[in-house]
Every structure is written in C-alpha cells, then in structure tokens.
2 protein chains.
Amino acid sequence: MPLPEKSLIKALRRAARGGRGAGVVRGIGDDCAVLKIGASEEILVTTDFSLEWIHFRREWHPPESVGHRCLARGLSDIAAMGGEPLAAFLSLALPAELPQTWVDGFMQGFLRLAKRFKVPLAGGDTAQSPTGVLADIIVLGRVPRGRALLRSGAKPGDQIYVTGLLGHSEASLEALQREGTRNRRPKLKDEYFFPEPRIKVGRFLREKRLASAAIDTSDGLSTDLSHICEESGVGAVVHAHAIPRTSGITLEQALHGGEDYQLVFTSPRQTKVPRNVAGVKITQIGEIVKGSRMVLEKDGIRTRVEARGWEHFSG
Amino acid sequence: MPLPEKSLIKALRRAARGGRGAGVVRGIGDDCAVLKIGASEEILVTTDFSLEWIHFRREWHPPESVGHRCLARGLSDIAAMGGEPLAAFLSLALPAELPQTWVDGFMQGFLRLAKRFKVPLAGGDTAQSPTGVLADIIVLGRVPRGRALLRSGAKPGDQIYVTGLLGHSEASLEALQREGTRNRRPKLKDEYFFPEPRIKVGRFLREKRLASAAIDTSDGLSTDLSHICEESGVGAVVHAHAIPRTSGITLEQALHGGEDYQLVFTSPRQTKVPRNVAGVKITQIGEIVKGSRMVLEKDGIRTRVEARGWEHFSG
C-alpha cells in the first residue's frame, strides 16, 4: 500500500497551522481534533464530496476554483441552517502524478475562502488516490440550541424567497461542456468558479426569526424546494416570471440547474422580509400551499414541476 | 453530471433510520445534522478514507469487512482520545456497475459495528464514483472538557504500554498479497477483517487517569510511537522481546505493520496499570526517555528505529 507524499502532508500542516479558531481546542496533530461550543449551542455537521470527473474537471476548473468550491459546498450547508462555521476538515486523496503547483493552487483557493469566513482547517486525512483528485469536505458549525433553520417548518400560506440570481452555474457548465475553456477565463468575481456561501444571510434569517424553513440551492431550485415540501408536508406554487435570473439564462436553467449555492427559504405571510440582506438581493418567487405538489405558474397556466436536479443522501 | 442512484440513497436512509442516538437532535434529512453535547464536554472529530486499491481490494476483502473496517478506523481514533462515540457520517461514492449485493454487504458490516457501539449514522454524502468504491468516514465523539488523551503528554520515565497483539494485520495483508484469498476465508472473528476498536480501554484509561499520552496503532507501532515522541518532545526505548505477538508473526511485522487498531499509551512509572482491561491484554513494551530518538533493544543491543508505517495528515 503506497505511502502518501510526505511533502503534501507537510504542506497541508503548514497551511493549516495559522487556522486556529476560537472553537478549536486542538487541531491537526492528534488522533482527533478537539472542539468546543457554548453550553447553549448545538453542533451542525455536513460532508460533501468533490470528485474529479463527477463534480469538476481539471481541464475546466482551475485548482483555486476547485479548492474554493470544495469548501463553499460545506459552508453553504451551514448557511442554510443559519449556523456559524466552527471548523473545516479536509480528506484529500491525490494521484501520484499530480503537479505540486496544482495542490498549491487548490489549497490557496480553499484557504482564501476559509480565511474570509474565519474557518480554521482543523484536520482531515490524506491518501494516494487510485485515480483523479478526490476531496471530501466536512464543516462543523454551531447554532443556538433549537434555533437551526430546518427544511421541515414551512406551512401553507408561507411565502417562498430566494437569494441572489439562479441558473448562472448551470449556464456556465453548459458553456464549458459546449466550448471548453476557450471563451471563458475564470476570474475571482465569477460566481460559478467562486460561489459565495450565504452565511450572513442565513445568520440574519435565524437571528431575526424570519424563516420557517430553509435550504441551499446546491442541487437546483426544483430539487431543493421539493425537499422543503417533502420534509414540511406541503406543496408549492412558483411564479416563473419572478425567478431571479440575469439575461441569457433560461427558465429551465434557473429552475433545475444546481451549484448556485443560493438559499431558498419560506416566511409566514405577515413577516416583513427585507429586499436586501448583507448586500444580497432577496426575491419572493411563490407561496407554500396545501398538498404535496410543486406547481409552476407561467402566463396564467399552471404545470406540475418535477425535481430534476441532484439528489443527495444528506447535507 | 450523473445522478447518484436513488435506490442507494433510499437504502442508506432506511439503514440509517434506526440510528438515532442520544446526541443526535436531527439526523439525515436536512442540510446538516444537528448534534448536542453536555455543557462540560468537548467534541472530538476524525475523518478517514477507505479507498479501493489503496486501503482495500474487492477481490480480497468481503464487503462486510470493508464496511466494518471503514467505521472501525474512525472509532479507533475516538478510542485513542478516550472518547465516547457520538455519531458517524459516511461519504460514499460508488461506481455505476457495482452490484447492489455488495452495497448491502458493506452497509451490513458498517451498521453491525455501529449498533454494537451505539453510534448512529447521522448523515453523509453519496455520489457516483469515477472509479472504484470511495468511502470517507467521519466520527464525532465527546469527552469531558480538558480530559482527552493527547499524544503530547508523555514524559521521560513513563512506561510504554500496548493493548492486544501486534503484527497480525500486516501478516494477513502479506498473505493476501502472496496467495490471494485461496487459503483465507474471512470469519467474523478474524481481527484483520473485523478489527475491534478499543473504545472501552480508551474510556477506562481516561476515567482512571492512567495515561499521560495515547495513540492508536493504525499506522504501525514505529510510526505511531514516533508521533507520541514528536508531540511530547521525548525519545523511547522499546524492548523487542516484550512486543506482544502471536507465533508466526515476525518482529518486523509487529513493529512496523499498520491497521492493528490497538492502543499505545504511556503512564507515569508509579501508576498501576492493570494487565487486562475489558478483556484486552495490556503489555508494557518500553520506556519514554529524554531526547528524540526511538531505540529498539534486542538481546542487549540497542539500534535506532525509524518510523516505517503509514503517515497521515491527521487523525
């Protein structure tokens, strides 16, 4: 059985050294990390794979984007629960022939996002990969006891809201599949390559008690809203014209495309929801109704919507 | 991007449904799991890959063994910190052509061990694998505040102890490499295919305050003892004749072979350490000394020992 590169391990340890957070009693360097939370808090846990050929391609995604998106997937789940990120853990398996510059780029993208959200990298695992880059991100968060935003609290009459714009990631992915990277130079501002987890919005919704249910749109609006409907035992009506998207993005892309990392949430009708939270636009796109069906209303005609995005075991 | 099998996700959800633990406020079915611990406790976190061709082979290891060993790797790290397992999370990527019977066997081995240690499966991730079975196990544990068994507490004069017998896994692996599964039918009692995490021993050491430092031997005695030496800033003398091994196991195998999942720990000289804890033999194998070198004493001759097992990023 092959021995993982000592140089990689050392680079990771070095990279992680600065990352002591308030909640990390002991980080890298023991059998387990040791974390603490406040006496009146609960722990949030989420894990997400980032697998080469499945979730990204080395010829499409620069290493900084792969590292950023790897962590963003975990942070977005913490945001959807209204939590504060506590610590990240990275299990990373690399193929023997991978250039060191790729690993450096990956860690740079990962750690830049970690620093912005003050998330220490507190541990993980390394291994040689049988093929391709294999990453699994684990993010722990904390939330006041009983106050996590769940998928299960939506009630008939609640309004449905979404943050930011939808469909951009799906459109970007389709462009990459069609044209490769020819017409597309990734810039730091590009929200497909460097999506912004909605931590501040999630925290605001939780603190102000605005949301009856919430989820992130990592799997696509139709799939993620269907999870709220399932877990809450309700149906939903979505107004096609209201779904926020930039010009050039189709309704199909905005409705079913994944990896946007926006939040979808529901609020009781009488709740005043700001149109903008922490610089992010909030748009009402529909209502929760009785039953179990998701319906799209377009030009006065209602059609049933099926979940057509990703399906996950859990967050 | 391919959609993971809905049937697998449903099977995992079903398998996990029974697994509500006292610490799990909310398990599978939301963006994150929600866990709680006592006000005077700290959280332990460990992640470990189990990758096909790197950590196991489908032609050598029956699926029940792969599932068992996957979870055992995480539980062994919790044991080495003297912790109580709180919840497990499984990220599992499967190749499209994998038979359902293999997945069922894997989950059976995993859940049988989880049930024995009362560890709920509280979440994770699923994906299609680009190649081979890829698993990442995350185990959270809890421990009274400030009481985790660390690698860093060993002092010159402390005695070094090990649980059980060493080298068996290395010998088994070498036999598999040499002969395949011809002469080796895995039975439930075989400690290579179904290693026993030393949770009870770790808990006993912590409760009775017997250990100044501890680690598990997942990477091999020489490597793991070297971690205690590094983190504690000490050296060690190991008596070759004292290393516990069954007949047929070489000194080399016992000293450097990994995956035994025993505990190595140190205790101050005046501390009375039982010869048996929870049915597991405890053997003194050497002493902690000043300096930074690990030395093997055999027939009166001392030679320097190099760490020659696995090297991990973290536990």
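**Entry 1: α2 and α5 of chain A**

I looked up where helix α2 of chain A meets helix α5 of chain A: A:L75, A:I78, A:A79 and A:A80 in α2(A) touch A:I199, A:V201 and A:G202 in α5(A). I count two residues as in contact if their C-beta atoms, placed from the backbone, lie within 7 Å. By class, this contact has six nonpolar, one polar and no charged residues. The classes are these: Ala, Val, Leu, Ile, Met, Phe, Trp, Tyr, Cys and Pro are nonpolar, Asp, Glu, Lys and Arg are charged, and the others, Gly among them, are polar.

Helix α5(A) covers residues 199-207, and its axis is 8 Å from that of α2(A), at an angle of about 15°. Axes are lines fitted to C-alpha atoms, for helices over the stretch in contact, and angles run from 0 to 180 degrees between N-to-C directions. The two helices are therefore roughly parallel to each other. For that word the angle must be under 35 degrees; over 145 is roughly antiparallel, 65 to 115 roughly perpendicular, and the rest oblique. I noted the crossing of α2(A) and α5(A) as left-handed. That means the near helix is turned anticlockwise from the far one by less than a right angle, and right-handed means clockwise.

**Entry 2: source and numbering**

The model is predicted: local features need pLDDT of at least 70, side-chain atom pairs count only at pLDDT 80 or more, and totals for chains, interfaces and linings use all residues. Residues are numbered from 1 along each chain as its sequence is written, while chains are lettered from A and ligands numbered from 1 in the order in which they are written.

**Entry 3: α2 and α3 of chain A**

Next I took α2(A), residues 63-80, with α3(A), residues 100-116; their axes come within 6 Å and cross at roughly 40°. That makes α2(A) oblique to α3(A). The crossing of this pair is right-handed. On the α2(A) side I listed the contact residues, including A:P63, A:H68 and A:L71, and on the α3(A) side A:W102, A:F106 and A:L113 are among them. The residues of this contact divide into 11 nonpolar, six polar and one charged.

I also checked A:D104, which lies in helix α3 of chain A. The cut-offs are 20 or more other C-beta atoms within 10 Å for buried, 12 or fewer for exposed, and in between for partly exposed, with C-beta atoms placed from the backbone. A:D104 and A:E64 are 40 residues apart along the chain, and their C-alpha atoms are separated by 8.4 Å.

**Entry 4: chain A as a whole**

I found seven helices and 14 strands in chain A. Helices (H or I, at least four residues) and strands (E, at least two) are DSSP runs, numbered from the N terminus. Of the 315 residues in chain A, 55% are buried. Among contacts in chain A with a separation of 6 or more, 86% join residues 24 or more positions apart.

**Entry 5: chain A against chain B**

I superposed chain A on chain B by a rotation of 180° with 0.0 Å of shift along its axis, RMSD 0.0 Å. The two copies are thus related as by a two-fold rotation axis. In chain A, the C-alpha nearest the axis belongs to A:A39, at 2.3 Å.

The contact takes 67 residues from chain A and 67 residues from chain B. Strand β3 (residues 41-51) of chain A gives the most to the chain A side, with nine residues. That side has 36 nonpolar, 16 polar and 15 charged residues. The copies meet through the same surface, because 100% of the interface residues of chain A are also interface residues in chain B.

**Entry 6: A:L134**

I looked up A:L134, placed in strand β6 (residues 134-144) of chain A. A:L134 counts as buried, because it has 30 C-beta neighbours inside 10 Å. Not counting residues up to four places away in sequence, A:L134 touches A:L51, A:E52, A:A93, A:S129 and B:L134. A:L134 and A:E52 are 82 residues apart in sequence but 6.3 Å apart in space, C-alpha to C-alpha.

Technical notes: Least-squares fit on C-alpha atoms with pLDDT ≥ 70 in both.
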